[in-house]
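Please read them with the structure in view.

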Amino acid sequence: MDLTERAGALYVLPLDRFTAARNAAAKEAAKDGEKDLAAALRALPKPSSAAWLVNVLVDRRRGEVEQVLELAASLEEAQASLDRAQLHALGQQRQRLLAAVARQALDAAAEVGHDVGPAALPDVEQTLRAALADPAAAAAVLTGRLVRPLQASGWDPVDLDGAVAGPFTAPASGPAGAGGTGDDDGKPHTTPRRPSARQREKAEAGLAAAREALTDARARLATAAEATERIRVRREGLSASIEDLEERLGALRRELADADEQVSALARETEAATRSMEEAEAAEETARTLLDG
């Protein structure tokens with residue numbers, strides 16, 4: 001098993017087992033006399049939580065990841081044809097798909113017995129978005145050996161320096177890949193290029209679609225604001241009514257307490273009058289007995 005295969009196996013293990021497993025693999029390689037492999041294994045860095053989630057996602061949900069990456073071709077066709085409606089629809093589809101696939105990373109992590117939590121999801125989604133924008137980033141993602149999350153920045157190629165553990169050669173793109181132009185060591189140039197006229201046309205189409213979406217969003221926002229104001233006014237009226245009712249209820253409770261107190265006082269007075277009457281009747285009976293005797 002070469003370094004690529006061993007690294008691929010390590011980078012989809014539960015994150016809390018990575019260091020121990022890496023060291024054990026290096027020790028085993030050294031025991032087998034593979035000193036270079038052992039040194040390369042020991043040098044493998046532990047991935048960040050977001051990078052690990054992407055690796056596990058590729059390992060256990062590769063079909064969904066490839067589905068996201070296939071959107072790049074559809075977006076390219078829409079931009080080339082300047083189909084604004086299709087471009088707008090694909091943009092919305094991309095956002096939904098990116099978010100949904102990123103959330104699946106948590107399920108994939110649970111399947112391997114390691115809970116990362118949702119805090120890393122924005123970086124997972126950003127990495128998938130970078131893979132959509134740059135074929136080299138897509139290739140890096142599909143290795144399943146990411147060390148850190150990726151980020152797309154304008155027209156510049158995605159920075160892949162130190163992003164992939166183990167051997168990785170980014171696919172050539174543009175003139176460097178087609179014509180064989182490269183550095184002295186034969187590797188393709190990765191120097192950022194200024195956008196071409198065709199790319200500017202595509203960007204303008206994307207801008208138009210974004211402006212249309214912004215107009216729709218502003219209209220929805222205005223409608224929501226009007227509805228919110230109506231509800232606010234109604235709520236204030238209901239709150240005022242509740243305050244009036246609570247004040248009236250307090251007054252009624254005070255009246256009830258006064259009535260209860262009066263009832264208690266009358267009960268005591270009735271009891272005292274009853275005792276006085278009984279005592280008077282007894283005295284009258286005694287006096288009558290004496291007179292008759």
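1. The crossing of H4 and H7 is right-handed, a crossing being right-handed if the near helix is turned clockwise from the far one by less than a right angle, and left-handed if anticlockwise. Helices here are DSSP runs (H or I, at least four residues), numbered from the N terminus.

2. The model is predicted, so that local features need pLDDT of at least 70 and side-chain atom pairs count only at pLDDT 80 or more, whereas totals for chains, interfaces and linings use all residues. Residues are numbered from 1 along each chain as its sequence is written, and side-chain values use heavy atoms, with hydrogens and water left out.

3. H4 spans residues 49–60 and H7 residues 121–133, and the two pack at an angle of about 60 degrees with their axes 8 Å apart. That angle makes H4 oblique to H7, oblique being what remains once angles under 35 degrees (roughly parallel), over 145 (roughly antiparallel) and 65 to 115 (roughly perpendicular) are set aside.

4. On the H4 side, Ala 50, Leu 53, Val 54 and Leu 57 meet Asp 123, Val 124, Thr 127 and Leu 128 of H7, where contact means heavy atoms within 4.5 Å. The residues of this contact divide into six nonpolar, one polar and one charged.

5. For the protein as a whole, there are 10 helices and zero strands. Buried residues (under 20% relative accessible area, 1.4 Å probe, protein chains only) make up 28% of the 293 residues.

Definitions and conventions: Axes are lines fitted to C-alpha atoms, for helices over the stretch in contact, and angles run from 0 to 180 degrees between N-to-C directions. Ala, Val, Leu, Ile, Met, Phe, Trp, Tyr, Cys and Pro count as nonpolar, Asp, Glu, Lys and Arg as charged, and the others, Gly among them, as polar. Buried means under 20% relative accessible area, exposed over 50%, partly exposed in between (1.4 Å probe, protein chains only).
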